[in-house]
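Dear colleague,

Please find below the structure I am handing over to you. My notes on what was found in it follow directly after.

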Amino acid sequence: MSGPGEKRVELTVAVAQLAGTKDVAFNLQAMERLSARAAAEGAAIVVFPEAVMYDFTASAEEIADAAHQHADAFEAGVKALAGRLGIAVVAGMYGRGEGSLARNVMIASGPDGAVLGLYQKLHLYDAFHYRESDKNERARLQPDFGELVTFDLQGFRFGLLNCYDIRFPEMSRLLVDKGADVLLVASGWVAGPLKEFHWETLLKARAIENTCFVAASCQPAPASVGLSMVIDPNGVATATVAGGEGLAIARLSKERLADVRRVLPCLTHRRYVVTAGE
């Protein structure tokens with residue numbers, strides 16, 4: 001608990017539920033509208049879904065073409081709207097790859113319009129009869145887990161995860177080992193039998209096992225499951241978007257984080273260390 005006169009470290013986070021279309025300018029306009037709403041509600045950061053720049057159901061060729069034509073403008077648009085509104089923005093986009101495929105990327109811009117981080121999706125969704133590796137370039141692992149991305153904002157450290165990444169708990173644990181208080185998830189979690197159950201269960205598991213906050217943004221139905229949410233370190237969803245376009249907004253507190261970790265010190269009870277592998 002905070003002592004007398006001790007400053008409470010708090011931050012309001014918003015997760016946006018929004019579908020990425022094939023109209024990049026339209027997508028940016030929708031992002032600005034939702035970011036303005038989030039800023040008006042006092043949010044310091046807003047998280048948008050994976051591939052909000054361009055329709056992820058398009059063909060590999062079309063996505064690669066969109067990356068070549070629009071990646072620079074989209075990145076500039078994200079940084080510009082963040083700067084205009086004074087709010088940090090995290091969003092999923094497509095970048096130019098080294099070969100014929102695009103890169104599935106998350107960009108984080110600070111409230112001053114400066115880039116806080118760029119993260120290329122590590123785990124491609126080759127599951128449930130889907131082949132993301134046919135559309136997106138596989139990210140390379142780097143020494144000392146340099147492929148992982150964290151950034152600091154207003155006393156909190158954030159770690160970036162993209163959709164299928166949440167099925168790999170070692171990645172979340174490594175981000176927490178890098179000091180992440182909050183895991184930010186951008187997703188286009190593909191709809192299907194029991195997929196909503198998987199989505200919610202995995203997000204809550206990542207919060208509970210790491211005693212950290214999780215703020216997860218997903219594209220809405222019908223292509224994805226929706227259910228964008230903010231989860232506290234005890235696994236409680238404190239804000240949710242049930243359906244369609246919208247925002248879930250919640251207040252995060254370092255005091256709450258410390259209290260949960262004091263009662264449940266599982267991070268200090270570990271007997272094994274996570275290491276990288278191909």
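The chain holds five helices and twelve strands, where helices (H or I, at least four residues) and strands (E, at least two) are DSSP runs numbered from the N terminus. This is a predicted model, in which local features need pLDDT of at least 70 and side-chain atom pairs count only at pLDDT 80 or more, while totals for chains, interfaces and linings use all residues. Residues are numbered from 1 along each chain as its sequence is written, and side-chain values use heavy atoms, with hydrogens and water left out.

Overall dimensions. Along its principal axes, the C-alpha trace spans about 55 × 40 × 35 Å. Of the 278 residues, 54% are buried (under 20% relative accessible area, with exposed over 50% and partly exposed in between; 1.4 Å probe, protein chains only). Among contacts (heavy atoms within 4.5 Å) with a separation of 6 or more, 68% are between residues 24 or more positions apart.

Helix 3 and its surroundings. Helix 3 covers residues 169-177, and its buried residues are Met171, Ser172, Arg173, Leu174, Leu175 and Val176. The elements that cover these buried residues include strand 5 (115-120), strand 6 (150-153), strand 7 (156-162), strand 8 (182-187), helix 4 and helix 5 (254-263). After helix 3 comes Gly179, with a positive phi near 100 degrees.

Asn210. This residue belongs to helix 4 (residues 195-210). Asn210 counts as buried because its relative accessibility is 0%. Its side chain makes a polar contact of 2.7 Å with the side chain of Arg173 (a pair of N or O atoms within 3.5 Å; within protein, one must be able to donate a hydrogen and the other to accept it, and residues adjacent in sequence count only if both atoms are side-chain atoms). A polar atom of the Asn210 side chain also lies 2.9 Å from the backbone oxygen of Arg206. Leaving aside residues up to four places away in sequence, Asn210 touches Ser172, Arg173, Val176, Leu183, Arg261 and Leu267.

Ala36. In helix 1 (residues 24-40) lies Ala36, which is partly exposed because its relative accessible area is 31%.

With kind regards
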